[in-house]
Amino acid sequence: MQLLKQLILENKTMIYMKNPFANIKIISRICGFVLIMMLSLAVTSQSDYELLRDAMLGETPIADDLKELCEDIGGRITGSKANKASVNWAFSKLNATGLKTWKDGFEMPVLWLPQTTKSRLFGPGAKTPILVSKYGTERGIYSSKIVGVGTGTEEEFESKSEVIKDRFVIVETELCLDINGLFAEYAHAAKVEELAYKHGAKGIIFMSSRPKGLLYRFITSRGTSAIIPQFIMAREDARFIMDEIARGQHMEITITVNSQKGGSFQSQNVIAEIPGTKYPDEVIVIGAHLDSWAMGQGANDNGCNVSMMIDIARQIKALNIQPDRTIRFALWNGEEQGYFGSWDYTKENLETLDNHIMALSVDIGSGGITGFFTNGRQELMGIVDKVLEPVSEYGPFTQLNIPIVGTDNFDFMLQGVPNLVANHKPFNYGLNYHASTDTYDKVDIESLKQNAAIVAVLTLGFANLDPEEAAVLKRQTREEVQDVFDKSNLEFTMRMFNVWEPWINGERGIK
Ligand SMILES: [Zn+2]
């Protein structure tokens, strides 16, 4: 109310008034008609940010879209029929918004589609442990004695070096409960892989980091050049084997892998665009990846945020909002194998990357957004704080200036383009990550809608930044990018995602 009085006195329009209807009674008591006229002016002059925020929070098909993607199409590993169906689905959804929409083809280096993985254990206790093969594991029948290497430390590998050669090792893992647990698991796996290669192991069986027989899949630190077959085994089955080995029992396993491996193939991103009115050559890219692993429905990773991108595009168009800069909505493909779709975008748009003001990736599920990772770009922090003001009631938002590796911001970061990754409350993300349980029912729809409002307002805020404010968002040089990596010791993280070498040898990133 104080704000209202002040605005009336100063005869300003009430653009930032949050809830004009709550004030109707007071206003009409003060001086009736004139103020009601002013009130109606306030309602009609709601800012684009508020209109967009309210539209995102109102009734939209965001949940219905997600349900279609999860339940009608399902898991959609790049190269599969389901993935192609998801590309067509995404195209028709974005195209239906009325925005210019296109499919952007790119080459995936290797086809790998998992089919079945079965095992038989020889030793005390009849068991057929359940397990899955990790990315790239070739079709075949693998038989070996199993050697327990505890948690897979260097000392454990060294002490058993004589018996590891040409044998399978089994490795204990920590329970993974959230995103920190995920990063710890990737790091642990990468270290174990190096040791397994060094000691000539025939294969690696990782204990599942989730209980109750839950299985999941992710890439190895050598990507498609991995030679050693790798598996994730149900936690309880792996525990049984490790206990038996510790008791001195001889344990052997035969694992039969059915997978399809092939050469390079074509995949597609789906992109829609709303041209900027003042600075059409300057671009904001917001994206989420369309692909998933074949297990589960790819709901929290990352169908929910695909659905969010489509909904933001739809509402901006429906409200006829005219951003100053061009906004591109990108539904990336081939993310899980190494962000191939977004990497291709940076190659195809190399000539105009200097004009890319900001690239955002939303890929950590449907828990409430807590802020944004600014990926080593200090100058982004204040701007993000400012553009989030119209959604401040859903905060507080904390920006973290940490460089994130593991999603589609990566090649923008390598190219020196200012980039953001949304940070979220853990919700169901870590527990169901890449697993058969990543299904529609695990998505927090209410929070997804709120996140959509936050991302929509942020996007429009960047699109409408004053030129003086946007001037600090310059593209970094290779040296500046390297400096960010050095200061945050990013080499190991990049190695564990198999993306350090391509940066060092100039295959990826700014020259
Ligand atoms: Zn993801």
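This is a predicted model: local features need pLDDT of at least 70, side-chain atom pairs count only at pLDDT 80 or more; totals for chains, interfaces and linings use all residues.

Colleague: Is N320 buried or exposed?

Modeller: N320 is found in the loop between α10 and β11 (325–332). Its phi is positive, about 55°, although N320 is not a glycine. Because 8 other C-beta atoms lie within 10 Å of N320, the residue counts as exposed.

Colleague: Is Y339 buried or exposed?

Modeller: Y339 also has a positive phi, near 55°, and is a residue other than glycine. The residue sits in the loop between β11 and α11 (340–348). The cut-off for a buried residue is 20 or more other C-beta atoms within 10 Å. Y339 has 28 such atoms within 10 Å, and is therefore buried.

Colleague: Which residue does a cis peptide bond join to D301?

Modeller: Most peptide bonds are trans. Here omega is about 5°, and the bond is cis.

Colleague: Where is P396 placed?

Modeller: P396 is joined to G395 by a cis peptide bond, with omega of about 5°. As for its place, P396 belongs to the loop between α12 (378–387) and α13 (410–414).

Colleague: What distance separates the centres of domain 2 and domain 3?

Modeller: The domain assignment gives domain 1 as 2–46, domain 2 as 51–109 + 264–504, and domain 3 as 111–262. Taken over C-alpha atoms, the centres of domain 2 and domain 3 are separated by 33 Å.

Colleague: Which helix supplies the largest share of the side of domain 2 that touches domain 3?

Modeller: Contact between these domains involves 24 residues of domain 2 and 25 residues of domain 3. On the domain 2 side, α14 (429–432) and α18 (491–496) each supply at least two residues. The largest share, three residues, comes from α14.

Colleague: How many residues on the side of domain 2 that touches domain 3 are charged?

Modeller: That side of domain 2 holds 14 nonpolar residues and nine polar ones. Asp, Glu, Lys and Arg count as charged. The number of charged residues on the side that touches domain 3 is one.

Notes:
Residues are numbered from 1 along each chain as its sequence is written. Domain bounds come from an automatic or database domain assignment. Two residues are in contact if their C-beta atoms, placed from the backbone, lie within 7 Å. Helices (H or I, at least four residues) and strands (E, at least two) are DSSP runs, numbered from the N terminus. A residue is buried if 20 or more other C-beta atoms lie within 10 Å of its own, exposed if 12 or fewer, and partly exposed in between; C-beta atoms are placed from the backbone.
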